[in-house]
Amino acid sequence: MLRWSITLFIIALIAAVLGFGGIAGAAAGIAEICFYIFLVLFVLSLLFGRRKNPT
């Protein structure tokens, strides 16, 4: 998920430099959504990933 965010962010930067504002905005928006999904999944995996049984 983080790889997708970084890839879309790079596509957005390249599109913005070349003057494709619509594509850059769309790619940046999708990258932002992917990044937030990654953050939520990362925090959940930290909280519930390695629980040890206390007994």
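Tutor: Let us start with Ile6, which counts as partly exposed at 47% relative accessibility. Ile6 belongs to helix α1, and the model is a predicted one.

Student: Why is Ile6 called partly exposed?

Tutor: Exposed requires over 50% and buried under 20%. The value for Ile6 is 47%, so the label is partly exposed.

Student: What makes Ser5 buried or exposed?

Tutor: Ser5, also in helix α1, has a relative accessible area of 6%. Buried means under 20%, and therefore Ser5 is buried. Apart from its neighbours within four places in sequence, Ser5 is in contact with Ala31, Cys34 and Phe35.

Student: How do you know whether Ala31 counts as buried or exposed?

Tutor: The relative accessibility of Ala31 is 6%, and the limit for buried is under 20%, so Ala31 counts as buried. Ala31 lies in helix α2. Not counting residues up to four places away in sequence, Ala31 touches Ser5, Leu8 and Phe9. Its C-alpha atom is separated by 8.7 Å from that of Ala12, 19 residues away along the chain.

Student: Which residues of α2 are buried, and what covers them?

Tutor: The buried residues of α2 are Ala24, Ala27, Ala31 and Cys34. What covers these residues includes α1.

Student: What is the label for Glu32, and what makes it apply?

Tutor: Glu32 is found in helix α2 and has a relative accessible area of 44%. Buried is under 20% and exposed is over 50%; the value lies in between, so Glu32 is partly exposed. Glu32 and Ile14 are 16 Å apart, C-alpha to C-alpha, and 18 residues apart in sequence.

Student: How is Leu39 classified, and why?

Tutor: Leu39, in helix α2, has 34% relative accessibility. Because this lies between the 20% and 50% limits, Leu39 counts as partly exposed. Leu39 and Met1 are 38 residues apart in sequence, and the distance between their C-alpha atoms is 9.4 Å.

Student: Let us turn to the helix pair. What is needed to describe it?

Tutor: Two packed helices are described by the angle between their axes and the distance between the axes. Here the axes of helix α1 (residues 2–18) and helix α2 (residues 21–48) come within 8 Å and cross at roughly 160°.

Student: Why is α1 called roughly antiparallel to α2?

Tutor: Angles over 145 degrees count as roughly antiparallel. The crossing angle is roughly 160°, so α1 is roughly antiparallel to α2. The crossing of α1 and α2 is left-handed.

Student: Which residues make the contact?

Tutor: From α1 they are Leu2, Ser5, Leu8, Phe9, Ile11, Ala12, Ala15 and Ala16. From α2 they are Ile23, Ala24, Ala27, Ala28, Ile30, Ala31, Cys34, Phe35 and Phe38.

Student: How many of the residues in the contact of α1 with α2 are nonpolar, polar and charged?

Tutor: The contact has 16 nonpolar residues, one polar residue and no charged residues.

Student: How does the span of α2 stand against the expected value?

Tutor: α2 has 28 residues and reaches 40 Å from its first C-alpha to its last. The span expected at 1.5 Å a residue is 40 Å, and the span of α2 is close to that.

How values were computed: Residues numbered from 1 in each chain as written. Predicted model: local features only at pLDDT ≥ 70, side-chain atom pairs only at ≥ 80, totals over all residues. Heavy atoms only, no water. Axes fitted to C-alpha atoms, helices over the stretch in contact; angles between N-to-C directions. Helix = DSSP H or I, 4+ residues; strand = E, 2+ residues; numbered from the N terminus. Parallel < 35°, antiparallel > 145°, perpendicular 65-115°, else oblique. Left-handed = near helix turned anticlockwise from the far one by under 90°. Contact = heavy atoms within 4.5 Å. Nonpolar A, V, L, I, M, F, W, Y, C, P; charged D, E, K, R; others polar. Expected span 1.5 Å × (residues − 1). Buried < 20%, exposed > 50% of the residue type's maximum accessible area, 1.4 Å probe, protein only.
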